[in-house]
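Colleague: I am new to this structure and would like to know what stands behind the words used for it. Please show it first.

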Amino acid sequence: MTRGRSPGRGYLRRRSAGLPRHDLLRHLLRRRHLRAGFRGVRATQASRTVSVFRCGGAEDTLRTFRSKLLGDGDEARLVVPRPKLVGLVGVQTGFSSAGRRAALRSTWFPSNSDTLLRLEQSTGLAFRFVIGRTKDVKKMEELQREEEKYHDFLFIDVEEQYLRLPYKTLAFFKAAFDLFEAEYYIKADDGIYLRPDRLATLLAKERSHPRTYIGCMKKGPVVTDPKMKWYESSGHLIGYEYFMHAYGPIYIISAEVAAALSEARNGSLRTFNNEDVTIGSWMLAMDVNYEDVRAMCDPRCTATSIAVWDIPRCSGLCDPVARLKELHNKSMCSKSPTLPPEDR
């Protein structure tokens with residue numbers, strides 16, 4: 001992928017003064033020569049009309065909905081098979097998390113397909129709820145009704161089980177890489193408060209290393225007691241302390257890393273009990289550049305926070321449904337400028 005040169009701090013200071021949040025992001029993204037690709041509307045080669053946007057057992061329900069809505073007319077070409085993006089944000093969710101999704105849609109996550117597309121156009125980021133399947137017919141029917149109302153899911157072909165989170169994450173990265181041509185792929189949980197504009201600004205930063213792993217990095221003792229939370233049954237393979245890896249609620253990998261994961265045969269990569277440790281072990285095996293961004297694990301809203309959650313008490317917000325609304329009602333969380341005054 002041809003990578004545009006992203007703006008430096010001097011440019012941000014000159015252009016951000018007095019600009020609304022989304023105008024600032026448009027200035028950033030225009031410099032990256034990607035804006036036409038954000039909407040998925042003008043591909044560099046002839047696009048084809050696809051009625052259902054699937055890869056294997058995965059499906060992007062928003063593009064499927066738009067393709068059916070536009071029909072076979074000329075406008076159908078506006079929906080391309082693999083749209084170009086700065087980033088694809090997969091918000092991991094489950095069948096018991098309808099309340100969380102509702103709270104997210106009433107706060108920072110777009111509330112309908114139109115606002116979902118507008119956010120994509122203004123930030124270069126596409127957002128989808130990522131969910132697998134279950135044998136429970138009633139739950140699948142409830143999910144289908146929710147999808148028909150919002151069209152904001154990325155369905156993946158993996159069974160939803162907490163102990164299989166590493167497999168779900170790998171299935172997400174594979175599906176995301178196949179369905180979206182993004183520079184970055186972001187895994188996020190449905191229990192965090194996120195500022196999409198600041199995430200877009202972080203990703204607009206110029207990076208020389210093509211293989212990048214971004215998040216709140218940590219180390220710590222390996223938990224080998226089966227009675228304790230975060231127990232690691234394969235701890236003997238690791239030793240007394242974990243290698244450096246990103247906290248699980250949100251982290252980012254670049255396109256080249258996602259490409260390598262997408263080529264891995266199912267069952268060929270070792271997994272551990274904990275999803276964040278599993279991903280960290282795969283990153284350790286690759287020549288990736290680690291980028292520690294503390295603004296991605298802020299316990300409170302600040303002028304620079306990108307993701308807010310109740311670290312270290314909970315892996316996410318301790319009471320997500322209530323806390324998401326509480327945070328969103330605070331001006332510092334939802335209405336503060338994209339960049340702090342000293343960086344404008």
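Modeller: Buried means under 20% relative accessible area, exposed over 50%, and partly exposed in between, with a 1.4 Å probe and protein chains only. Of the 344 residues of the protein, 55% count as buried. This is a predicted model, in which local features need pLDDT of at least 70 and side-chain atom pairs count only at pLDDT 80 or more, while totals for chains, interfaces and linings use all residues. Residues are numbered from 1 along each chain as its sequence is written, and side-chain values use heavy atoms, with hydrogens and water left out.

Colleague: Why is Asp310 called buried?

Modeller: Its relative accessible area is 5%, and the limit is under 20%, so Asp310 counts as buried. Asp310 is found in the loop between E11 and H12; helices (H or I, at least four residues) and strands (E, at least two) are DSSP runs, numbered from the N terminus.

Colleague: What does Asp310 touch, leaving aside neighbours within four places in sequence?

Modeller: Asp310 is in contact (heavy atoms within 4.5 Å) with Pro299, Gly316, Leu317, Cys318 and Arg323.

Colleague: Which residues of helix H12 are buried?

Modeller: In H12, residues 320-328, they are Pro320, Arg323, Leu324 and Leu327.

Colleague: Why are the buried residues of H12 said to line one face?

Modeller: Seen down the axis of H12, they fall within an arc of 105°, the arc being that of the directions from the helix axis to the C-beta atoms. They therefore line one face of the helix. An α-helix has 3.6 residues a turn, so residues three or four places apart point the same way. The buried residues of H12 pack against helix H5 (98-105), strand E7 (193-194), strand E11 (307-308) and helix H13 (331-334).

Colleague: Is Phe155 buried or exposed?

Modeller: Phe155, in strand E5 (residues 153-159), has 16% relative accessibility and so counts as buried.

Colleague: How far apart are Phe155 and Gly57 in sequence and in space?

Modeller: They are 98 residues apart in sequence and 7.7 Å apart in space, C-alpha to C-alpha. Not counting residues up to four places away in sequence, Phe155 touches Gly57, Ala58, Glu59, Thr61, Ile131, Leu143 and Glu147.

Colleague: Among contacts between residues at least 6 apart in sequence, how many join residues at least 24 apart?

Modeller: In the protein, 75% of those contacts do.
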